[in-house]
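Try each task before you read its solution.

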Amino acid sequence: MLAVKLHARIVQGRLCRLDGAASYNGVMNMQASPPTFLDMLSTAQQQNQSMLCVGLDPEPTRFPGKLKGNSNKIYDFCAAIVDATADLVISFKPQIAYFAAHRAEGQLERLMEHMRRAAPNVPIILDAKRGDIGATAEQYAIEAFERYGADAVTLSPFMGFDSVEPYLKHAGKGAFLLCRTSNPGGDDLQNQRLASVEGQPLLYEHVARLAQGPWNLNGQLGLVVGATYPAEIERVRTVAPTLPLLIPGVGAQGGDAVATVRAGWREGAPIIVNSSRAILYASGGDDFAEAARREALKTRDVLQAARGAL
């Protein structure tokens with residue numbers, strides 16, 4: 001019987017490496033590498049025709065109806081949103097602070113497991129904005145990728161590459177560096193010039209160059225750029241033409257979806273446009289999940305239409 005060495009196969013639209021032997025009668029002793037964050041991102045974008053990320057920022061005081069004010073219902077609320085929007089999104093982004101503030105880390109773990117079951121091809125970005133070094137960073141990476149099972153995490157690059165490197169040791173996982181954030185106070189540091197760096201770039205431009213270049217050892221990095229600054233999105237895209245961009249600020253923060261797509265989307269360079277409150281709290285009634293779906297569908301379609309007009 002002729003045996004051949006298999007190097008790759010397509011699994012659910014993604015290319016996965018296989019190690020082991022195969023024969024004409026079947027595949028034997030093979031282990032498929034799990035899909036990388038970028039694999040999952042590409043699959044979700046194609047299957048769901050979407051650039052929309054739904055941010056999961058649960059505030060019990062804003063919960064609808066009988067859930068209102070009950071922090072023990074964080075999982076129930078978020079799981080209902082996930083179920084209503086799973087076929088419309090490129091990603092989900094739970095913000096860890098909204099869970100930790102209510103001692104709901106256990107509910108976050110349950111939610112991560114639920115998302116894996118309900119939307120196995122949709123990557124999960126844990127919005128944690130960690131930024132420590134050495135052994136502490138290693139522990140934060142374990143928290144994000146092993147405890148919670150996230151596919152990517154948000155990080156602050158302020159302490160330099162040794163605060164980022166421990167996350168890159170987790171093969172196939174993604175890390176989004178804060179670059180040009182959507183808050184007004186971002187100007188305090190991000191929009192200042194670095195006189196000691198050749199060309200005197202703005203700090204956010206320097207972060208983008210590092211992420212596109214020497215820091216991106218295994219192709220795992222992306223950047224966080226706020227939708228409230230479309231000109232800066234376009235500048236970041238020029239400096240970092242191939243990196244995925246996580247773009248918060250559409251919806252309640254006032255970012256323009258069409259301007260965001262025009263500034264950031266390029267063929268082969270994904271953008272992940274996050275909306276949280278506008279979707280989560282689209283209704284204060286028992287129809288909150290249905291209302292969230294309608295708002296997510298509307299936002300997704302606006303983003304897709306903007307892409308189609310380019």
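**Exercise 1.** Find the buried residues of helix H5 and say which elements cover them.

Solution. Step one: list them. Ala137, Ala141, Glu143, Ala144 and Phe145 are the buried residues of H5. Buried means under 20% relative accessible area, exposed over 50%, and partly exposed in between (1.4 Å probe, protein chains only). Step two: look down the axis of H5. The buried residues fall within an arc of 165°, so they line one face of the helix. That arc is taken from the directions from the helix axis to the C-beta atoms. Step three: turn to the other side of H5, where Ala135 and Glu146 are exposed. Step four: find the cover. It includes helix H3 (96-100), strand E7 (125-130), strand E8 (152-155), helix H6 (165-168) and strand E9 (174-180).

Two notes on the source. This is a predicted model, where local features need pLDDT of at least 70, side-chain atom pairs count only at pLDDT 80 or more, and totals for chains, interfaces and linings use all residues. Residues are numbered from 1 along each chain as its sequence is written, and side-chain values use heavy atoms, with hydrogens and water left out.

**Exercise 2.** Is Met159 buried, partly exposed or exposed?

Solution. First, locate Met159: it sits in the loop between E8 and H6. Its relative accessibility is 41%, so Met159 counts as partly exposed.

Technical notes
Helices (H or I, at least four residues) and strands (E, at least two) are DSSP runs, numbered from the N terminus. Contact means heavy atoms within 4.5 Å.
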